[in-house]
Amino acid sequence: MERRFFIVSTNTELLKCEMILNKDSVMSLAKYLGVSRANMSAKINGKREFKQSEIGKIAFRYKMTYEKMNEIFFGNRGGLNNERERVC
């Protein structure tokens with residue numbers, strides 16, 4: 001079985017905001033996706049890539065719009081301006 005991966009540019013700040021807004025933790029999201037806490041943390045912090053299936057599950061869990069999903073996983077990484085404005 002072939003595994004498919006997408007190269008994504010995760011907006012870490014926006015993903016963490018979604019987690020906070022949904023009262024979620026790294027551990028609970030890791031369990032939901034079936035990965036280790038360390039692996040989940042690496043994915044959130046941009047050190048590892050999310051699989052397409054993981055992106056879909058996260059979008060479903062947080063009831064994200066298509067636009068929000070694209071902004072977090074495929075959009076511009078420049079989510080914060082020079083004054084470090086809040087994103088959530």
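**Figure 1. Met64 in the loop between α4 and α5.** In this predicted model, Met64 is located in the loop that lies between α4 and α5. Met64 is buried because its relative accessible area is 14%, and the cut-off for burial is under 20%. Beyond its neighbours within four places in sequence, Met64 is in contact with Glu18, Ile58, Ala59, Met69, Ile72 and Phe73. Glu18 lies 46 residues from Met64 along the chain, yet a distance of 9.0 Å separates their C-alpha atoms.

**Figure 2. The buried face of α5.** The buried residues in α5 include Met69, Ile72 and Phe73. Viewed down the axis of α5, the buried residues fall within an arc of 80 degrees and therefore line one face of the helix. An α-helix has 3.6 residues a turn, so residues three or four places apart point the same way. The buried residues of α5 pack against both α1 and α4.

**Figure 3. The contact of α1 with α5.** The axes of these two helices, α1 and α5, come within 7 Å and cross at roughly 130 degrees. From α1, Leu14, Leu15 and Glu18 take part in the contact, and from α5, Lys68, Glu71, Ile72 and Phe73. Sorted by class, the contact of α1 with α5 comprises 4 nonpolar and 3 charged residues, with no polar residues.

**Figure 4. The contact of α2 with α3.** The axes of α2 and α3 approach within 9 Å, with a crossing angle of roughly 105 degrees. α2 is thus roughly perpendicular to α3. On the α2 side, Val26, Met27, Leu29, Ala30 and Leu33 meet Arg37, Met40, Ser41 and Ile44 of α3. The residues of the contact of α2 with α3 comprise 7 nonpolar, 1 polar and 1 charged. Met40 of this contact also touches residues elsewhere: with residues up to four places away in sequence not counted, its partners are Val26, Leu29, Ala30, Leu33, Val35 and Phe50.

**Figure 5. The largest nonpolar core.** This core, the largest in the model, has 18 residues. Leu15, Leu29, Met40, Phe50, Ile58, Met64 and Phe73 are those with the most contacts inside the core. At least two residues of this core are supplied by each of α1 (12-21), α2 (26-33), α3 (37-44), α4 (52-61) and α5 (66-73). In soluble globular proteins, nonpolar side chains tend to be buried together.

How values were computed: Residues are numbered from 1 along each chain as its sequence is written. This is a predicted model: local features need pLDDT of at least 70, side-chain atom pairs count only at pLDDT 80 or more; totals for chains, interfaces and linings use all residues. Side-chain values use heavy atoms; hydrogens and water are left out. A nonpolar core is a set of buried Ala, Val, Leu, Ile, Met, Phe, Trp, Tyr and Cys residues joined through side-chain atoms within 4.5 Å. Buried means under 20% relative accessible area, exposed over 50%, partly exposed in between (1.4 Å probe, protein chains only). Helices (H or I, at least four residues) and strands (E, at least two) are DSSP runs, numbered from the N terminus. Contact means heavy atoms within 4.5 Å. The arc is that of the directions from the helix axis to the C-beta atoms. Axes are lines fitted to C-alpha atoms, for helices over the stretch in contact, and angles run from 0 to 180 degrees between N-to-C directions. Angles under 35 degrees count as roughly parallel, over 145 as roughly antiparallel, 65 to 115 as roughly perpendicular and the rest as oblique. Ala, Val, Leu, Ile, Met, Phe, Trp, Tyr, Cys and Pro count as nonpolar, Asp, Glu, Lys and Arg as charged, and the others, Gly among them, as polar.
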